[in-house]
Amino acid sequence: MEKVRLQKIISQSGICSRRKAEEYIKRGKVTVNGHPAKIGDKADPRNDIIAISGRRVQVDKKQQLYYIMMNKPRGYVTTMSDEFDRRTVVDLLEGLDERVYPIGRLDRNSEGLLLFTNDGKFANDIMHPSRKVSKTYRVTIPANVTEEQLVKLSTGVVIDGRETAPLLVNVLSESANRTVLQIVINEGRNRQVRRMCVAAGMEVARLKRTNIGPLKLGMLKPGTYRELTKEELRAIRNAITKEK
């Protein structure tokens, strides 16, 4: 069998995304036939023994693929385990035959739509910057928002020395000392929406992700999850394909 890049083999096994697999390789956690691997290495997934931190990557196992939507509640961290013993989104998952992993993340104080899968390629496609899969947020600001602040948000602000891409921002409702915004981004930087609002002079009281591409959170209750329908899976895959 033709040899394949290690990160591709690992992601296709469902253990993690291709990007995460590259991190494991760089950190020296991946071995091939007992020897430390490096970025660029290839292997025969049928004959070589590939392991991450001593755990063998099973490539021959017939695996059921899961594509899951969760309404993440506030107070949970998006990680598989937490060194500070905080509640994680994994605590809300039960009854699955395979281990699934979150696609991207929402910070502890954010809520809303979070996807999980054990399909590494699918996860990588959604997270990869070149795909520009949109993410929609409902953001509550405990103050009135000025036109100048809206323009600043929509045209881009500087985060970590780099300007954010232009985005869509709409005012959903306004009242005394409270404004609700809808913000649509095509990037995926760490805590991006919160940090953009701060850069534009706005404090965020509540942040909820409502959409990822064509996928909508809908009426899914906080702390619950369900599998994507065939129609939803087809729609998000079509969105990924169009962005290539």
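**Buried core, helices and sheet of the predicted model**

Tyrosine 67 counts as buried, because its relative accessibility is 9%; here buried denotes under 20% relative accessible area, exposed over 50%, and partly exposed anything in between, computed with a 1.4 Å probe on protein chains only. The structure is a predicted model, in which local features need pLDDT of at least 70 and side-chain atom pairs count only at pLDDT 80 or more, whereas totals for chains, interfaces and linings use all residues. Residues are numbered from 1 along each chain as its sequence is written, and side-chain values rest on heavy atoms, with hydrogens and water left out.

Tyrosine 67 forms an edge-to-face aromatic pair with phenylalanine 122, at 4.9 Å centre to centre and 80° between the planes. Rings of Phe, Tyr and Trp (its six-membered ring) are taken to pair if their centres lie within 6.5 Å; planes under 30 degrees apart are stacked, those over 60 edge-to-face, and the rest tilted. By this rule the count is 1 aromatic pair. The two partners come from distant parts of the chain, 55 residues apart, with tyrosine 67 in strand β7 and phenylalanine 122 in helix α3. Helices (H or I, at least four residues) and strands (E, at least two) are DSSP runs numbered from the N terminus. Phenylalanine 122 is likewise buried, since its relative accessible area is 4%.

Helix α3 (residues 120-127) is largely enclosed by the rest of the structure, because 6 of its 8 residues are buried. These are Gly120, Phe122, Ala123, Asn124, Asp125 and Ile126. The N-terminal end of α3 is capped by aspartate 119, a side-chain oxygen of which lies 3.2 Å from the backbone nitrogen of lysine 121. A polar contact is a pair of N or O atoms within 3.5 Å; within protein, one must be able to donate a hydrogen and the other to accept it, and residues adjacent in sequence count only if both atoms are side-chain atoms.

The largest nonpolar core holds 31 residues, of which Val139 and Ile183 touch the most other members. Such a core is a set of buried Ala, Val, Leu, Ile, Met, Phe, Trp, Tyr and Cys residues joined through side-chain atoms within 4.5 Å. Two or more residues are given to this core by each of β7 (67-72), β9 (111-117), β10 (135-141), α4 (147-155), β14 (178-185) and α5 (192-199). A second, separate core of 17 residues includes Leu113, Leu115, Leu220 and Leu233. With residues up to four places away in sequence not counted, valine 139 touches Thr179, Val180, Leu181, Ile183, Val193, Cys197, Val204, Arg206 and Leu207, where contact means heavy atoms within 4.5 Å.

In helix α5, the residues Gln192, Val193, Arg194, Met196 and Cys197 are buried. Their cover includes β10, α4, β11 (158-159), β14 and β15 (206-212). Glycine 201, which follows α5, has a positive phi near 85°.

Threonine 179 is located in strand β14 and is buried, as its relative accessible area is 0%. A polar atom of the threonine 179 side chain lies 2.8 Å from the backbone oxygen of alanine 143. Among the residues that threonine 179 touches, those up to four places away in sequence not being counted, are Val139, Ala143, Val171 and Ser173.

Strand β14 pairs with β13 (residues 168-175) in the antiparallel sense over 7 bridges; two strands are considered paired if DSSP finds at least two bridges between them. Serine 173 has valine 180 of β14 as its bridge partner. The hairpin of β13 and β14 has 2 residues between the strands, and asparagine 177 there takes a positive phi near 60°. Asparagine 177 counts as exposed, because its relative accessibility is 56%.

A further set of 4 strands forms an open sheet in the order β3-β2-β5-β6, with antiparallel pairing. Its edge strands, β3 (35-36) and β6 (55-56), each pair on one side only. Strand β5 (residues 50-52) is joined to β6 by 2 bridges, and alanine 51 stands opposite arginine 56 in β6. The loop between β5 and β6 contains serine 53, which has a positive phi of about 50° although it is not a glycine. Serine 53 counts as exposed, because its relative accessibility is 54%.
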